[in-house]
Structure formats: C-alpha cells, structure tokens
Amino acid sequence: MAQLLDYGPLLVAFGPASFFVMFYVVCRPQIFIVSITAATFFLVSFGMAAILRLCVYTVRDDFVALAFITILTQEGFRYLYLRGYFMFHRRFSVIAHNAILYPLHDLSSAFASGLSWGLADAIMLYGDVMVRATGEATIVSPTCSFVSVPVTSSVASFLLIFQHTCMMIMAFDADRRKNTVRRGLVILANSASILLAGLNMTEDGCIGFIVSEIVLLLVLAFMVNKILHEDGYQSKKFVD
C-alpha cells in the first residue's frame with residue numbers, strides 16, 4: 001500500500017500515455033520514428049527556451065515574459081516539425097510498397113506526435129518533483145497547503161499530455177488545409193495551457209489551475225472531435 005501511494009502519482013501522470021506508447025506506437029516502426037522525432041523537436045525547443053531565459057535575464061522574475069518565450073519556442077519548433085513531417089511524408093509515400101506496408105496518415109501520426117510531445121513536456125516540467133516525492137514525506141506548496149505537490153503535478157501531467165495530443169491533431173489538420181485561423185487556435189490553446197500555470201502562484205490557486213486545465217482539455221477534445229468528423233479530413237491520407 002505504501003508503494004502504491006508512493007508511485008500512484010507517477011501512474012496517474014504517465015500510465016495512460018505509456019500504455020498507448022507501448023501497445024500502439026512502439027509496435028508500428030513508422031509511427032515510432034515519428035514519435036521519437038516529435039519528442040526530439042520538443043526537447044530542442046525546451047533547451048532553446050532555457051537558453052533564451054538565461055540571455056534575457058532582466059525578465060527572469062516576470063512569469064508572463066518567461067511564458068511568452070516558452071510559447072514562442074514551442075510553436076516555432078512545432079511549425080518546423082510539421083514542415084519536416086510533410087516533406088518526409090511526400091517522399092515516403094511515393095514508394096508504393098511503403099504506403100501499403102507502413103501506412104502513414106495524419107491521425108495516427110498526429111496522435112503519436114502529440115503523445116510524445118506531451119510526455120516530454122510533462123516529464124521535463126513535473127517528472128523530477130514526482131520522483132523526489134516518493135518516500136515517507138511529501139512536498140506541499142505554501143500557496144496550496146491542502147493538496148500535495150506530487151498530486152497536483154500528476155493531474156497536471158495527465159492533462160498536459162492529452163492537451164498536447166489534441167493540439168497536435170489540430171495542428172496537423174490546420175497545416176494540411178493551410179488554414180491560418182486553425183493554426184492560430186493551436187497557438188492560443190497552447191498559450192492558455194502555459195499561462196494558466198500562473199494560478200499556482202496565487203493563494204489556493206492550484207485548484208483553479210487544475211479545473212481550468214480540465215476545462216481546456218474538454219474544449220480541445222470537442223474541437224478535435226469536430227475536426228475528425230469534417231468532410232475532407234485526411235485521416236487516411238497516404239499519398240499527396
């Protein structure tokens with residue numbers, strides 16, 4: 001029971017996503033490569049954001065400015081990733097047996113990309129806190145004394161992973177359709193997800209943060225469902 005309490009937050013945070021990775025992504029080599037590539041692009045964006053924060057040291061205590069740097073780098077590298085994916089997809093699909101043996105279409109690629117992007121983000125943001133919190137003691141934030149940090153971090157990680165999954169599905173569709181408005185919605189959703197973390201700095205704001213992130217995920221899920229049922233959605237697009 002003690003071990004369950006210790007590692008429960010890790011299971012809540014990464015269990016569902018790890019299940020999809022193990023039983024859907026890993027067993028499909030082309031999707032696995034897409035997933036690893038997406039995670040690599042995120043990690044590069046994360047490193048670039050860290051470098052920019054060090055360079056612009058005058059805003060190191062300004063949460064909004066730091067959030068803007070994160071949004072800028074994430075969306076910039078998301079754009080580069082999508083450009084690279086569609087370039088690779090066109091070259092990959094012109095070989096007939098590739099399209100038959102290793103079908104690569106927008107829905108599966110976007111799902112795997114968003115999942116790995118979200119996993120990388122959640123691990124970098126919350127993984128260290130949850131791992132260090134295992135044991136007899138726990139960590140409590142001064143601004144949220146009635147809920148432990150590992151619990152809020154685990155829920156936030158779970159929500160963040162699937163928010164990124166939804167946003168990546170939206171981004172793939174927006175890029176395929178060359179729809180500027182939908183691209184803007186992805187940036188807006190990611191900006192909201194990042195800026196809502198500022199609620200954690202207010203008294204008892206962690207509950208508002210979690211509730212707001214849940215609402216955001218539900219809105220994103222609704223938008224994804226609408227996209228998937230639209231005419232012309234390229235869920236089975238093999239060849240351009």
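1. Arg182 and Asp173 form a salt bridge whose closest N and O atoms are 2.6 Å apart; the term denotes a side-chain nitrogen of Lys or Arg within 4 Å of a carboxyl oxygen of Asp or Glu. Asp173 is buried, at a relative accessible area of 3%, where buried means under 20% relative accessible area, exposed over 50%, and partly exposed in between (1.4 Å probe, protein chains only). Asp173 and Arg182 also belong, with Arg177 and Glu230, to a network of salt bridges.

2. On provenance, this is a predicted model, in which local features need pLDDT of at least 70 and side-chain atom pairs count only at pLDDT 80 or more, while totals for chains, interfaces and linings use all residues. Residues are numbered from 1 along each chain as its sequence is written, and side-chain values use heavy atoms, with hydrogens and water left out.

3. The whole structure contains eight salt bridges. One of them joins Arg83 to Asp175, with 2.2 Å between the closest N and O atoms. Because Arg83 lies in helix 3 and Asp175 in helix 6, this pair ties together parts that are 92 residues apart in sequence. Helices here are DSSP runs of H or I with at least four residues, strands are runs of E with at least two, and both are numbered from the N terminus. Asp175 counts as buried at 3% relative accessibility, whereas Arg83 is partly exposed at 30%.

4. Asp175 has a further salt bridge, to Arg183, with the closest N and O atoms 3.3 Å apart. Arg183 is partly exposed, with 28% relative accessibility. In general, side chains of opposite charge can pair when their charged atoms come close.

5. A pocket is an open set of points on a 1 Å grid over the protein atoms alone, where a 1.4 Å probe fits, with protein on both sides within 12 Å along at least five of seven lines; lining residues have an atom within 4 Å of a point. A volume is the space filled by probe spheres set on the points, which are joined across faces, edges and corners.

6. The largest pocket holds about 800 Å³ of space. Its lining comprises 34 residues, and Phe63, Leu125, Tyr126, Ala197 and Asn200 lie nearest its centre. Helix 6 makes the greatest contribution to this lining, with seven residues. By class, the lining has 18 nonpolar, ten polar and six charged residues.

7. The largest nonpolar core has 47 residues, and Phe14, Leu115, Ile161, Phe172 and Leu220 have the most contacts inside it. Such a core is a set of buried Ala, Val, Leu, Ile, Met, Phe, Trp, Tyr and Cys residues joined through side-chain atoms within 4.5 Å. Helix 6 supplies the largest share of this core, twelve residues. Leaving aside residues up to four places away in sequence, Phe14 touches Leu119, Ala122, Ile123, Met130, Ser157 and Ile161, contact being heavy atoms within 4.5 Å.

Notes. Ala, Val, Leu, Ile, Met, Phe, Trp, Tyr, Cys and Pro count as nonpolar, Asp, Glu, Lys and Arg as charged, and the others, Gly among them, as polar.
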